[in-house]
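This briefing walks through one protein chain, topic by topic. Keep the sequence and the 3D view open while you read.

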Amino acid sequence: MVPFIIIVAILFIIVIPNIRIVPQATEYVIEFLGKYKTTWSAGLHVKIPFIERIAKRITLKEQVIDSPPQPVITKDNVTMQIDTVVFFRIFDAKLFAYGVVNPISALENLTATTLRNIVGELELDGTLTSRDTINGKMTAILDDATDQWGIKVTRVELKNIIPPAEIQSAMEKQMKAERDRRETLLQAEGHKAAAITRAEGDKQAMILAAEGERDARIARAEGEAKAIFLAKKAEADGLAALKEAGVDAVVLELKKYEALVNMANGQAAKIIVPTDVVNTVKNNAIFSETAGIGDVTEYGQPPKKAPKKKDECCD
């Protein structure tokens, strides 16, 4: 009975500690007598005591290396402080365990040297505006270089780019000058647009005023033409009515002189009567008696008496 208990105790002491449960997303590298034997994935495993050992426990989760700021010199000799963030995961536990001593440190150093090489080919402005380009180049270079270490670099990001203080001051002044230039340009464009709008408004107003004046002149001319037309038409209609009534030439002459008398109603009016008209008046007794033109007595003087004949007696 005692030997059985001893055997069970020995088995418990030796076997139980050699039973291992590998968690998810983790792999164990197993060595047999110092030589790589196998890789345990997630699950229950038992190793041989004193012969096999777990050389390395490796997680397959994606990991992050946050490198501290490091000095980097650009192509135009500007020293900047740049820190990077590297995302990677292990895809081969054996290569990771035996590819390089301290793979994480190797990846950090490789990241620093790659960053210096890439930024050294760019000038300051190119470095500040080419983050995506730098990130892409670094990801491709690091991923290719770390394949033999069992590491897959998924992404590289530049976290901070800190130029020198004097460069920052110059950049701030440049930015302020650029903003002032844009403000001045916008104000000039605004004044230009306003001036153009005012000029177009003045032009339109002048066009409308000219069109209004033109329309007014046309309306006045049409009114005057219509008035003249109506006056002439009335005169023609009157003459036609007299003609149809059988009025002779004496009456027509009378109408003419009535018109002349009406024209002479105003002050300082002088009428010159042609000789043929006077002769016509003299030849028409009825017209002379009616108008009183046949009397040649001077205006404002009493009529002269005819001289008496010698043979007339004085009663």
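Accessible areas here come from the Shrake-Rupley method with a 1.4 Å probe. By that method, the protein chain has an accessible surface of about 23,100 Å². Carbon and sulfur atoms hold 59% of this surface. The model is predicted.

**Overall make-up**

- The protein chain contains nine helices and nine strands.
- It has 315 residues, and 20% of them are buried.
- Take the contacts in the protein chain between residues at least 6 apart in sequence: 60% of these join residues at least 24 apart.

**The three-stranded sheet**

- Three strands make an open sheet, in the order β3-β2-β5.
- Pairing in this sheet is antiparallel.
- The edges are β3 (35–40) and β5 (52–59), and each of these strands pairs on one side only.
- From one strand to the next, the twist averages 25 degrees.
- Strand β2 covers residues 26–32 and pairs with β3 over five bridges.
- One point to locate in this pairing is I30, whose bridge partner in β3 is T38.

**Nonpolar cores**

- In soluble globular proteins, nonpolar side chains tend to be buried together.
- The largest nonpolar core here has 27 residues.
- Which of its members touch the most other members? They are I82, L115, M138 and V153.
- Five elements each supply at least two residues of this core: β8 (79–90), α2 (93–98), α3 (103–119), α5 (131–145) and β9 (151–162).
- Leaving out residues up to four places away in sequence, I82 touches P68, P69, Q70 and V72 among others.
- Further along the chain, the contacts of I82 include L115, V119, L158, N160 and I161.
- A second, separate core has five residues, among them V22, Y28, W40 and I54.

- T139 sits in helix α5.
- Is T139 buried or exposed? It is buried, because its relative accessible area of 17% falls under the 20% cut-off.
- The T139 side chain reaches the backbone nitrogen of V156 at 3.2 Å.
- Setting aside neighbours within four places in sequence, T139 is in contact with V153, T154, R155 and V156.

- S130 lies in the loop between α4 (124–129) and α5.
- S130 counts as buried, because its relative accessibility is 18% and the limit is under 20%.
- What does the side chain of S130 reach at 2.6 Å? It reaches the backbone oxygen of G126.

**R20 in strand β1**

- R20 is found in strand β1, residues 19–22.
- R20 has a relative accessible area of 25%, so it is partly exposed.
- Not counting residues up to four places away in sequence, R20 touches W40, G43, L44, H45, K47, I54 and R57.
- W40 and I54 in that list also belong to the second core.
- R20 and K47 are 27 residues apart along the chain, yet their C-alpha atoms are separated by 7.8 Å.

- Most residues other than glycine have a negative phi.
- N77 has a positive phi of about 60 degrees, although it is not a glycine.
- N77 lies in the loop between β7 (70–73) and β8.
- N77 counts as exposed, because its relative accessibility is 65% and the cut-off is over 50%.
- N102 is also not a glycine, and its phi is positive, near 55 degrees.
- Where is N102 found? It is in the loop between α2 and α3.
- N102 has a relative accessible area of 45%, so it is partly exposed.

Notes: Residues are numbered from 1 along each chain as its sequence is written. This is a predicted model: local features need pLDDT of at least 70, side-chain atom pairs count only at pLDDT 80 or more; totals for chains, interfaces and linings use all residues. Side-chain values use heavy atoms; hydrogens and water are left out. Two strands pair if DSSP finds at least two bridges between them. Helices (H or I, at least four residues) and strands (E, at least two) are DSSP runs, numbered from the N terminus. Axes are lines fitted to C-alpha atoms, for helices over the stretch in contact, and angles run from 0 to 180 degrees between N-to-C directions. A nonpolar core is a set of buried Ala, Val, Leu, Ile, Met, Phe, Trp, Tyr and Cys residues joined through side-chain atoms within 4.5 Å. Buried means under 20% relative accessible area, exposed over 50%, partly exposed in between (1.4 Å probe, protein chains only). Contact means heavy atoms within 4.5 Å. A polar contact is a pair of N or O atoms within 3.5 Å; within protein, one must be able to donate a hydrogen and the other to accept it, and residues adjacent in sequence count only if both atoms are side-chain atoms.
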